[in-house]
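I opened this notebook to record, entry by entry, what I looked up in the structure shown below. Each entry keeps to a single topic.

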Amino acid sequence: MKRLLVLLLGLLLLAGCAGQEEDNVIRVSATAEPHATILEFAKPLLEEKGYTLEIEILDNYFIFNRALDNGDVDANYFQHRPFFENEVEEYGYDIVDAGGIHIEPFGIYSKKYQSIDAIEDGARVIISNSVADHGRILSILADAGIITLKDDVDILNATVDDIIDNPKALVFEEVNPELVTTAYDADDGDLFAINGNYAIGAGLNPIEDALILEEGDSSNPYVNIIACRKGDEESDKIKALVEVLHSEEVKDYIIEHFSGSVIPVE
């Protein structure tokens, strides 16, 4: 009986230690660039706070939030707020925005055209099939004077149906977000609306290579966020993660490493 009690006590102690170790592990899913790169830099800063950061790299936008909602990870870092809000509304995920970290200026790229004036009538524009990106892409084209949108349009929810003047008769074609750079590489299109992380991952420098580049600052509604399950935003480890990503060390790293193609949020 005494041996059994000792064995049970040992198992309980091991379970307690395992639980404590698990509390010190932060599992975050992210796209490779720039999110996972930033998280890798943050690893030693989190270690100083007593946390081990485990990064899971994914490339399909539409599985991140499902995995988070299922409890497969503690947080994710890949999406801007309109995408997050659209996913929560559409799928009913019980997840929350734990804090904005950076902006990735969206760009319009082309191998065919070297200037806006050179864009030909009927040019094919390859865009993401994520509705949350459409208003952003259209506003970039509108700001460049290529199209005109309705005066009263809600830019966060704008679609191609909100275009009232398209003098070059641009043709918009939708593909999965991760396939826009594939189409660009294959020259399957004329203009390509590429999000910052995919552009960087494809070896493009938004500042140098984009034909048209979105203005990026902290007032931009498309700030990239840390998302977690509802209630976990008040946990010590999610607070530690956001605090480290807001630190001056991480901000300075983002500015220096990405040369303006990724902009930290103040």
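**Entry 1. Terms and conventions.** I call a residue buried when its relative accessible area is under 20%, exposed when it is over 50%, and partly exposed in between, using a 1.4 Å probe and protein chains only. The model is predicted, and I note that local features need pLDDT of at least 70, that side-chain atom pairs count only at pLDDT 80 or more, and that totals for chains, interfaces and linings use all residues. Residues are numbered from 1 along each chain as its sequence is written, and side-chain values use heavy atoms, with hydrogens and water left out.

**Entry 2. The chain as a whole.** I looked up the secondary structure and found 10 helices and 13 strands in the protein chain. Helices (H or I, at least four residues) and strands (E, at least two) are DSSP runs, numbered from the N terminus. Along the principal axes, the C-alpha atoms fill a box of roughly 85 × 40 × 35 Å. Of the 266 residues, 47% are buried. The chain exposes about 12,900 Å², and carbon and sulfur atoms supply 49% of that area; accessible areas come from the Shrake-Rupley method with a 1.4 Å probe, and for residues only the protein chains shown count as cover.

I then turned to contacts, which are heavy atoms within 4.5 Å. Among contacts between residues at least 6 apart in sequence, 77% join residues at least 24 apart.

**Entry 3. Asn-195.** Is Asn-195 buried or exposed? Asn-195 is buried, because its relative accessible area is 9%. I located Asn-195 in the loop between β10 (191-194) and α7 (196-201). Leaving aside neighbours within four places in sequence, I listed the contacts of Asn-195 as Tyr-61, His-80, Glu-104, Phe-106 and Arg-136.

**Entry 4. Arg-136 and its partner.** Arg-136, one of the residues in contact with Asn-195, also meets Glu-214 in a salt bridge, at 2.8 Å from N to O. This pair links distant parts of the chain, with Arg-136 in helix α5 (residues 131-143) and Glu-214 in the loop between β11 and β12, 78 residues apart. A salt bridge is a side-chain nitrogen of Lys or Arg within 4 Å of a carboxyl oxygen of Asp or Glu. Arg-136 counts as buried because its relative accessible area is 0%. Glu-214 is also buried, at 12% relative accessibility.

I next checked Glu-215, in the loop between β11 (212-213) and β12 (224-229). Glu-215 is exposed, because its relative accessibility is 69%. The C-alpha atoms of Glu-215 and Pro-105 are separated by 6.4 Å, although the two residues are 110 residues apart along the chain.

**Entry 5. Other salt bridges.** Side chains of opposite charge can pair when their charged atoms come close. How many salt bridges does the rule give? The count comes to 13 salt bridges.

I examined Asp-74 and Arg-27, whose closest N and O atoms are 3.4 Å apart in their salt bridge. Here too distant parts of the chain are linked: Asp-74 is in the loop between α3 (61-69) and β3 (75-80), and Arg-27 is in strand β1 (residues 25-30), 47 residues apart. Asp-74 is buried, with a relative accessible area of 6%, whereas Arg-27 is partly exposed, with 23%. I also found Arg-27 and Asp-74 linked with Lys-237 in a network of salt bridges.

A further salt bridge joins the side chains of Asp-232 and Arg-229, at 3.5 Å from N to O. Asp-232 is partly exposed, with a relative accessible area of 25%.

**Entry 6. A patch of negative charge.** I found Glu-47, Glu-48, Glu-248, Glu-249, Asp-252 and Glu-256 gathered in a patch of negative charge on the surface. Such a patch is made of residues with over 30% relative accessible area and no salt bridge, with like charges joined within 9 Å (for nonpolar side chains, Val, Leu, Ile, Met, Phe, Trp and Tyr, the limit is 5 Å). Lys and Arg count as positive and Asp and Glu as negative, while His and the chain ends are not counted. The place of a charge is taken as NZ of Lys, CZ of Arg, CG of Asp or CD of Glu.

Helices α2 (32-48) and α10 (248-258) each supply at least two residues of the patch, and α10 gives the largest share, four residues. Glu-256 lies in α10 and counts as exposed because its relative accessibility is 62%.

**Entry 7. Thr-37.** Thr-37 lies in helix α2 and is buried, at 16% relative accessibility. Not counting residues up to four places away in sequence, Thr-37 touches Ala-32, Tyr-253, His-257 and Phe-258.
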